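Here's a quick report on a strand, its neighbours in the sheet and a group of aromatic rings. Have a look at the model first.

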Amino acid sequence: MLIKQKGIIIKTIDYGESDKIITILNEHGAKVPLMVRRAKKSKNGLQANTQLFVYGLFIYSKWKGMGTLSSVDVIDQNYHLRLDIYESSYASLCAETIDRSIEADEISKNSYELLHFVLDKIKQGISAQLMSVVVLLKCMTRFGFNAVFDRCVITQSDDQSKLVGYSFKYDGAISENAAYKDTHALHLSNKTLYLLDILQKLPINQMSSLSIHEAIVDEMSELVILLYKEYAGMYFKSQKLINQLYRLDNL
């Protein structure tokens, strides 16, 4: 059976000397693994057209089990992501998070729309690191946890101007008056917590303008990565590369 579906490549794995396996997130929100024969030795464009983040019309055959890719009509290669290693790394974090949030036989149209949204925003010049924060926030509930950013979890005060950090001991933001109860809390600016709350609650179709200071984005990114580690026991492969890049920059 020959199938045609639009989708975005969210994962690639080398298979043997010349083949590779790609996973596309198709337009319906389903993950589709596909074998690409002779991808690394192909002269018909399959090597370039089966890279991570390629968006296109995928034509493949499938009977039982994994399908086999026949051709790709590329709509957007998202080539800019290969030119900047930082953008590529944070975009990979987006793709990895979405990939791991969807079960093999699950359909999640929202996940497809989220991935499309962040790739478009990165292409428009929005920080890829900020987009990774958006993805991590939107996918939290899919991993079975959530986070409280809009009030102090100890005093229950909703005065966000008084929030000074996040407590893993009490599972939420804490205010200046209650900070003494958790000396190991992660200290953050109240602006960071305020913006995390907005990004967590605001639908992506209402995120028209996204301009946040780099230092704030760094704080948001650090916290959400720690949330996944603490509450879901997750460590991202793409985060390892990001950490290595920052260490090299600080040498």
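Phe-149 and Tyr-166 are both buried, where buried means under 20% relative accessible area, exposed over 50% and partly exposed in between, with a 1.4 Å probe and protein chains only. Keep in mind that this is a predicted model, so local features need pLDDT of at least 70 and side-chain atom pairs count only at pLDDT 80 or more, while totals for chains, interfaces and linings use all residues. Residues are numbered from 1 along each chain as its sequence is written, and side-chain values use heavy atoms, with hydrogens and water left out.

A search of the whole structure turns up seven aromatic pairs. Phe-149 and Tyr-166 make a tilted one, 6.2 Å centre to centre with 55° between the planes. Here rings of Phe, Tyr and Trp (its six-membered ring) pair if their centres lie within 6.5 Å; planes under 30 degrees apart count as stacked, over 60 as edge-to-face and the rest as tilted. This pair links distant parts of the chain, 17 residues apart: Phe-149 sits in the loop between α4 (128–139) and β6, Tyr-166 in strand β6 itself. Ring pairs also tie these two into a cluster with Phe-143, Phe-145, Phe-168, Tyr-228, Tyr-231 and Phe-236.

Now for the strand. Helices (H or I, at least four residues) and strands (E, at least two) are DSSP runs, numbered from the N terminus. Four of the five residues of β6 (residues 163–167) are buried, so the strand is largely enclosed by the rest of the structure. What is the strand order in the open sheet? It runs β7-β6-β8, with antiparallel pairing. β7 and β8 stand at the edges with a single partner strand each, so one side of each has no neighbour in the sheet. Two strands pair if DSSP finds at least two bridges between them.

Last up is helix α6 (residues 214–232): its 19 residues reach 26 Å from first C-alpha to last, close to the 27 Å expected at 1.5 Å a residue. That expected span is 1.5 Å times one less than the number of residues. Buried residues of α6 include Ile-216, Val-217, Met-220 and Tyr-228. Just after α6, Gly-233 takes a positive phi of about 65°.
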